[in-house]
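Open the model in your viewer and keep the selection panel at hand. This tour goes stop by stop.

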Amino acid sequence: MSTTTVTVTGMTCGHCVSSVREEIGNLPGVTAVDVDLASGRVAIDSDSPIEKASLARAVDEAGYQLAG
């Protein structure tokens with residue numbers, strides 16, 4: 001089990017949170033996605049470590065960007 005934490009910028013509402021959660025949740029091996037709207041923090045539980053590039057693509061697909 002692996003947990004990855006990233007920050008997503010541009011989220012402003014519950015719909016934003018749902019979009020990010022759905023796109024990241026579709027990545028292979030992801031078992032849980034916890035999104036905190038106020039901070040932009042996203043914690044991802046997965047069977048194995050998730051590549052940053054894969055995360056960036058999923059967040060981009062949802063219409064947002066990874067910070068830093």
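Select Ala 32 and show its surroundings. Setting aside residues within four places in sequence, Ala 32 contacts Ala 43, Ile 44 and Asp 45. This is a predicted model, so treat each stop as a reading of predicted coordinates. Ala 32 sits in strand E2, which spans residues 30-35. Is Ala 32 buried, partly exposed or exposed? Its relative accessible area is 33%, so Ala 32 is partly exposed; buried would require a value under 20%. Draw a C-alpha to C-alpha distance from Ala 32 to Ser 46: it reads 6.9 Å, across 14 residues of sequence.

**Next stop: helix H1**

Select residues 14-25. That range is helix H1, and Ser 19 is found in it.

Start with Gly 14. Its relative accessibility is 46%, so Gly 14 counts as partly exposed; the exposed class begins only over 50%. Gly 14 and Leu 37 are 23 residues apart along the chain, yet their C-alpha atoms are separated by 7.6 Å.

Move to Cys 16. Where does its accessibility put Cys 16, buried or exposed? The value is 5%, so Cys 16 counts as buried. Which residues touch Cys 16, once neighbours within four places in sequence are left aside? The answer is Met 11 and Tyr 64. Then draw a distance to Val 35, which is 19 residues from Cys 16 along the chain. The C-alpha separation of Cys 16 and Val 35 is 9.8 Å.

Go on to Ser 19. At 16% relative accessibility, it also falls under the 20% limit, so Ser 19 counts as buried. Not counting residues up to four places away in sequence, Ser 19 touches Ala 62 and Tyr 64. Keep Tyr 64 on screen: it is in contact with Cys 16 and with Ser 19.

**Zoom out: the whole chain**

Switch to cartoon and colour by secondary structure. The chain holds two helices and four strands. Follow them from the N terminus: the order is β-α-β-β-α-β.

Now select residues 2-67. An unreviewed UniProt entry annotates this range as "domain: HMA".

Check the overall dimensions. Along the principal axes, the C-alpha atoms fill a box of roughly 30 × 20 × 20 Å. Why call the chain a compact globule? For 68 residues, such a globule would have a radius of gyration near 11 Å; the chain has 11 Å, so the two agree.

Among contacts between residues at least 6 apart in sequence, 59% join residues at least 24 apart.

**Last stop: surface and charge**

Show the surface. Of the 68 residues, 40% count as buried. The chain exposes about 3,900 Å², with carbon and sulfur atoms supplying 47% of that area.

Finish by colouring charged side chains. How many are positive and how many negative? There are 4 positive and 9 negative side chains. The centres of the two sets lie 5 Å apart.

Methods:
Residues numbered from 1 in each chain as written. Predicted model: local features only at pLDDT ≥ 70, side-chain atom pairs only at ≥ 80, totals over all residues. Heavy atoms only, no water. Rg over C-alpha atoms; globule rule 2.2 N^0.38 Å. Buried < 20%, exposed > 50% of the residue type's maximum accessible area, 1.4 Å probe, protein only. Contact = heavy atoms within 4.5 Å. Areas by Shrake-Rupley, 256 points an atom, 1.4 Å probe, with all protein chains shown as cover. Lys, Arg positive; Asp, Glu negative; His and termini not counted. Charge placed at Lys NZ, Arg CZ, Asp CG, Glu CD. UniProt positions renumbered as here; feature names shortened; annotations may be inferred.
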